[in-house]
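Subject: Handover of a structure and findings

Dear colleague,

Please find the structure below for your records. A written account of the findings follows directly after it.

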2 protein chains.
Amino acid sequence: MELELKEMLHDLETLRKALPDHPSNQTLINKLQSHVEHVCSLAKSVPVRRSKVKDMSAEVVDSNPYSRLMALQRMGIVENYERIREFSVAIVGIGGVGSVAAEMLTRCGIGRLLLYDYDKVELANMNRLFFRPEQCGMTKTDAAVQTLADINPDVVLESYTLNITTVQGFNTFMSSLKNKAFRSNKDSGGVDLVLSCVDNYEARMVVNQACNELGQTWMESGVSENAVSGHIQLLIPGETACFACAPPLVVASGVDERTLKREGVCAASLPTTMGVVAGLLVQNTLKFLLKFGHVSPYLGYNALKDFFPTMEMKPNPQCSNAACLERQKEYILAKPARDAAAKAKMEAESLSAAEFPLHADNEWNISVVDDSEADKSDAKSSDFLPEGLMRELPTADDFQKPPVSEPTVSSNDDLDELRKQLEALNAA
Amino acid sequence: MELELKEMLHDLETLRKALPDHPSNQTLINKLQSHVEHVCSLAKSVPVRRSKVKDMSAEVVDSNPYSRLMALQRMGIVENYERIREFSVAIVGIGGVGSVAAEMLTRCGIGRLLLYDYDKVELANMNRLFFRPEQCGMTKTDAAVQTLADINPDVVLESYTLNITTVQGFNTFMSSLKNKAFRSNKDSGGVDLVLSCVDNYEARMVVNQACNELGQTWMESGVSENAVSGHIQLLIPGETACFACAPPLVVASGVDERTLKREGVCAASLPTTMGVVAGLLVQNTLKFLLKFGHVSPYLGYNALKDFFPTMEMKPNPQCSNAACLERQKEYILAKPARDAAAKAKMEAESLSAAEFPLHADNEWNISVVDDSEADKSDAKSSDFLPEGLMRELPTADDFQKPPVSEPTVSSNDDLDELRKQLEALNAA
């Protein structure tokens with residue numbers, strides 16, 4: 001637009017020369033030029049995007065978008081944070097949970113995001129985080145790419161505006177999950193994790209089918225229709241229950257679930273519940289990808305009671321999904337190899353542990369000291385704090401001993417004496 | 001800008017008439033006109049803000065930004081959702097937790113938000129939700145107002161770009177909390193809840209001081225420096241522990257806590273942990289304001305283990321904060337009145353309960369039916385589902401009875417016989 005406006009100014013100058021020399025003509029040209037200059041200045045106020053960053057730096061400066069993430073290494077939480085750039089995550093459903101999950105992963109600097117949705121942004125979605133009113137009418141995928149690319153241009157974004165429950169949509173979905181173009185290690189699958197953030201049974205069953213066929217680990221998420229509970233669940237084909245292993249008891253049949261929901265009543269939703277579920281989902285995604293902490297197999301959220309149930313579900317040998325049964329068979333067949341690997345790992349660990357002192361992982365900094373030595377240095381060492389820190393409470397020695405109250409029972413009273421006193425009290 | 005561009009098109013038409021009739025002049029005018037038209041179309045794509053909404057409607061249409069929130073009433077979660085417009089919430093600290101809390105409350109349609117911060121947006125903040133790279137250099141308050149006003153123009157936003165730990169900042173903070181201009185009921189306080197989303201001890205103690213002096217209920221929130229745990233806490237002056245009742249054991253003294261943090265190392269942070277803490281904080285805010293569910297007195301979040309500890313803390317009679325001790329005294333003095341009110345409420349409830357059948361709240365839809373009646377209607381009533389729904393699993397009757405395996409022990413075997421069989425097996 002800027003080039004275009006400059007050209008216009010030049011053309012107006014040419015016109016000025018071609019015009020018969022009359023004051024009204026000159027005024028008109030001047031007016032046009034000032035208009036163009038004004039539009040020019042308005043165009044310049046359009047925001048500039050942040051430029052790409054080649055390597056993630058841990059440098060502690062305000063201009064480093066990754067300093068607070070790389071600090072996870074120095075804090076001992078993550079071994080190699082920058083590995084996050086190697087991972088691909090697919091998010092199916094860019095609604096109240098999926099869009100926030102996508103933003104979190106984008107801000108964390110994930111390597112590649114694959115986004116799937118066919119819906120459009122509506123004002124009715126404004127009670128959840130992420131989409132803005134001016135994006136109404138855009139497809140959710142387009143609006144998401146617009147926002148996410150502005151937030152972090154380092155993330156590779158792939159968007160698929162399609163319905164995975166149609167035949168063509170499912171085929172595109174499957175081939176996009178298998179595409180290994182992004183991977184440095186072409187032996188592994190196309191994506192590292194699929195996050196299901198859809199709002200209906202049919203779509204969940206389709207994600208389940210795709211992941212069972214591909215042996216693809218995925219996480220399922222959901223929020224109840226009354227907006228005050230939700231859950232996340234880890235699904236590893238063959239190893240854990242798949243979505244069809246324990247289906248919901250009542251499901252839609254023959255009609256579109258969305259029309260069922262909208263018949264007079266729409267489902268309630270809250271930005272809080274969806275934000276919490278998205279946060280728990282992406283937190284477990286980070287733990288899974290970067291190998292820290294414990295990945296929850298299932299985590300529920302009851303907002304009314306702030307209750308967070310957990311559980312584990314084994315696969316159902318009578319599962320109705322044929323691909324699930326195949327994965328279960330493979331998992332059982334691979335058991336001897338898994339056991340051998342686990343044994344070898346345990347032996348290697350016990351071997352390396354033998355080289356180090358017992359309790360090398362000394363969380364409470366307990367150390368064994370000689371009694372006489374402790375007497376000498378105790379006061380100094382326990383009082384020591386780095387410069388700039390002070391104790392808010394006095395140390396135990398500074399507390400006054402509680403005043404000894406007048407003894408009501410003298411020390412030489414025996415049990416009989418006590419009983420007599422009690423009887424006297426009861427008789428009174 | 002649109003008017004300006006229209007005027008330009010008109011002026012160009014006037015020029016066309018004034019120009020000597022030469023093909024090159026006409027081409028130039030045509031070119032200029034098409035330029036203006038192009039700029040015109042670009043200008044039209046500039047976002048339009050959504051207009052204000054007078055009343056919250058429950059109508060289920062895509063253009064209603066409140067339909068999914070008003071649905072909370074129909075779902076039986078909230079009695080009167082629209083009351084949210086009467087409430088004022090103050091958020092101190094518009095960082096990783098405060099900004100997301102502000103966005104959630106804005107999308108929920110809160111009446112008024114008071115925002116306090118003195119910091120500027122930096123690229124180093126981009127690993128958390130809410131702020132965008134193009135807002136770098138703006139104050140966090142200005143950037144927040146810009147974003148929040150676009151999201152929901154119905155919310156009254158008041159921003160205070162100040163440091164509450166300075167004398168002047170504290171005075172402005174106090175008077176802003178007392179200002180009752182927004183309230184329909186001028187007898188109550190100026191705000192309904194204060195959310196502390198600051199990142200240091202000093203600021204927390206200042207919020208504590210202000211709320212103790214005003215008898216103002218508030219919620220505290222925090223995220224650990226290693227980014228993998230956080231908490232929220234409800235503080236009711238006099239009734240629960242205040243922040244000074246049980247202070248941290250080690251705090252900064254004499255130096256700015258932020259310089260301590262930045263000396264070589266900065267604190268780690270994650271959008272997930274901060275999003276979860278903000279979600280739990282605002283969820284409890286909604287429960288507190290709209291009176292549903294149970295408001296947690298303290299809720300922790302351990303991200304590594306997905307563990308959520310809870311606890312309650314009574315006020316410390318030896319608290320170092322004088323205002324806290326005053327509130328404690330008032331709370332104890334008001335005990336007889338509180339007990340009387342509780343007793344009256346309980347009596348009223350038991351009276352109204354007597355009018356209704358026992359277990360009116362029949363969550364599992366258990367009903368007592370006559371045996372003979374049940375025989376007749378059972379098959380029909382339990383199989384009934386609304387149109388469009390089907391059972392995913394067969395009903396119990398449809399299951400085949402398990403094949404009866406060849407009995408190994410005949411029914412007339414007695415205990416002796418069994419023992420003999422067992423001995424024979426052991427001997428074999």
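What percentage of the 428 residues in chain A do buried residues make up? The share is 45%, where buried means under 20% relative accessible area, exposed means over 50% and partly exposed lies in between, with a 1.4 Å probe and protein chains only.

Two remarks on conventions come before the details. This is a predicted model, in which local features need pLDDT of at least 70 and side-chain atom pairs count only at pLDDT 80 or more, while totals for chains, interfaces and linings use all residues. Residues are numbered from 1 along each chain as its sequence is written, chains are lettered from A and ligands numbered from 1 in the order in which they are written, and side-chain values use heavy atoms, with hydrogens and water left out.

Chain A as a whole

Chain A has 13 helices and 9 strands; these are DSSP runs numbered from the N terminus, helices being H or I of at least four residues and strands E of at least two. An automatic or database domain assignment divides chain A into domain 1 (2–44) and domain 2 (87–335). The C-alpha centres of these two domains of chain A are 54 Å apart. Contact means heavy atoms within 4.5 Å. Of the contacts in chain A between residues at least 6 apart in sequence, 62% join residues at least 24 apart.

The sheet of chain A

In chain A, 7 strands make an open sheet with mixed pairing, in the order 3-2-1-4-5-6-8; two strands pair if DSSP finds at least two bridges between them. Its edge strands, each pairing on one side only, are strand 3 (156–161) and strand 8 (298–302) of chain A. From one strand to the next, the twist averages 15°. Axes are lines fitted to C-alpha atoms, for helices over the stretch in contact, and angles run from 0 to 180 degrees between N-to-C directions. Helix 4 (residues 98–107) of chain A packs on this sheet, where it touches strand 1 (88–92), strand 2 (112–117) and strand 4 of chain A. The direction of helix 4 makes about 165° with that of strand 1 of chain A. Strand 4 (residues 193–196) and strand 5 (residues 218–223) of chain A run parallel and are joined by 3 bridges. A:Ser196 has A:Glu220 in strand 5 of chain A as its bridge partner.

A:Val277 belongs to helix 9 (residues 271–290) of chain A and counts as buried because its relative accessibility is 2%. Setting aside neighbours within four places in sequence, the contacts of A:Val277 include A:Ser221, A:Gly222 and A:Val223, as well as A:Gly230, A:His231 and A:Ile232.

Strand 1 (residues 88–92) and strand 2 (residues 112–117) of chain B pair in the parallel sense over 5 bridges, and B:Ser88 has B:Arg112 in strand 2 of chain B as its bridge partner. Strands 4 and 5 of chain B pair in the parallel sense over 3 bridges, with B:Leu195 opposite B:Met219 in strand 5 of chain B. Strand 5 (residues 218–223) of chain B is largely enclosed by the rest of the structure, because 5 of its 6 residues are buried.

Individual sites in chain B

B:Asp192 sits in the loop between helix 6 (167–178) and strand 4 (193–196) of chain B. B:Asp192 is buried, as its relative accessible area is 17%. A polar atom of the B:Asp192 side chain lies 2.8 Å from the backbone nitrogen of B:Ser88. Beyond residues up to four places away in sequence, B:Asp192 touches B:Ser88, B:Arg183 and B:Gln216, among others.

B:Lys6, in helix 1 (residues 2–18) of chain B, counts as exposed because its relative accessibility is 57%.

Yours sincerely

Conventions
A polar contact is a pair of N or O atoms within 3.5 Å; within protein, one must be able to donate a hydrogen and the other to accept it, and residues adjacent in sequence count only if both atoms are side-chain atoms.
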